[in-house]
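Trainee: I am new to this structure and would be grateful for a close look at a single part of it. Please take me through that part step by step.

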Amino acid sequence: MASFAHWLRSPAAREYFFSTHFWGPVANWGLPLAAIADLNKGEEVISGTMTGALAAYSMVFMRFAWAVQPRNYLLFACHATNTTAQLTQGYRFVDYWYRGGKERKEKAILIGAPASETPSTAPGKVTEAIKAAQAEGRAAK
């Protein structure tokens with residue numbers, strides 16, 4: 001820790017903190033933070049085109065951050081985080097619009113189950129009646 005404190009007071013640290021190698025990635029962290037915050041929003045508001053563009057953009061600049069000399073690890077981490085978040089959003093988009101997620105959500109709402117529960121796992125009145133009858137049968141034995 002003492003060596004880090006010593007480096008922090010050095011001209012090299014001042015040069016780093018006043019360069020684009022530091023402030024560029026710091027400003028860029030808004031993209032992955034916004035994508036992570038959007039994970040709590042409904043799938044119907046996800047733009048597939050924009051999600052794909054942001055994922056591709058971050059993959060390109062992740063490669064750039066690794067290729068430049070000296071390597072910019074802060075920029076690499078920023079774009080790796082954004083790529084992960086955008087690919088997660090992309091999966092949510094495809095699942096909702098193309099793999100039946102919209103229908104599962106609508107059926108869950110109709111039967112009064114939470115949106116995260118699929119109709120096949122949500123307890124319905126018939127399922128509850130069957131379980132009650134089975135419990136009564138066991139209790140009678």
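How many residues does helix 6 have, and how far does helix 6 reach from its first C-alpha to its last? Please also describe what lies at its two ends.

Mentor: The model is a predicted one. Helix 6 has 26 residues and spans 36 Å from its first C-alpha to its last. At 1.5 Å a residue, 38 Å would be expected, and the span of helix 6 is close to that figure.

Asn72 sits in the loop between helix 5 (48-67) and helix 6 (73-98). Its relative accessibility is 6%, so Asn72 counts as buried, the limit for that class being under 20%. A polar atom of the Asn72 side chain lies 3.1 Å from the backbone nitrogen of Leu75.

The aromatic residues come next. A search of the whole structure finds six aromatic pairs. In one of them, Trp66 and Tyr73, the ring centres are 6.1 Å apart and the planes stand at 75 degrees, so this pair is edge-to-face; the angle for that class is over 60 degrees. Trp66 counts as partly exposed because its relative accessibility is 36%. Tyr73, in contrast, has a relative accessible area of 54% and is therefore exposed, as the cut-off for that class is over 50%.

Trp66 also forms an aromatic pair with Phe76, with 5.4 Å from centre to centre and 50 degrees between the planes, and this pair is tilted. It links distant parts of the chain: Trp66 belongs to helix 5 and Phe76 to helix 6, 10 residues apart. Phe76 has a relative accessibility of 27% and so counts as partly exposed. Elsewhere among the aromatic residues, ring pairs link Tyr57, Phe61 and Phe64 into a cluster.

At the other end, just after helix 6, Gly100 adopts a positive phi of about 90 degrees.

For a view beyond this part, consider helix 1 (residues 2-8), where Trp7 is found. Trp7 counts as partly exposed because its relative accessibility is 31%. Together with Met1, Phe4 and Leu8, Trp7 forms a nonpolar patch on the surface, and the accessible area of these residues together is about 460 Å².

Key:
Residues numbered from 1 in each chain as written. Predicted model: local features only at pLDDT ≥ 70, side-chain atom pairs only at ≥ 80, totals over all residues. Heavy atoms only, no water. Helix = DSSP H or I, 4+ residues; strand = E, 2+ residues; numbered from the N terminus. Buried < 20%, exposed > 50% of the residue type's maximum accessible area, 1.4 Å probe, protein only. Polar contact = N/O pair within 3.5 Å; in protein donor to acceptor, adjacent residues only side chain to side chain. Phe/Tyr/Trp six-rings, centres within 6.5 Å; stacked < 30°, edge-to-face > 60°. Patch = residues over 30% accessible without salt bridge, like charges linked within 9 Å, V, L, I, M, F, W, Y side chains within 5 Å. Areas by Shrake-Rupley, 256 points an atom, 1.4 Å probe, with all protein chains shown as cover. Salt bridge = Lys/Arg side-chain N within 4 Å of Asp/Glu carboxyl O. Expected span 1.5 Å × (residues − 1).
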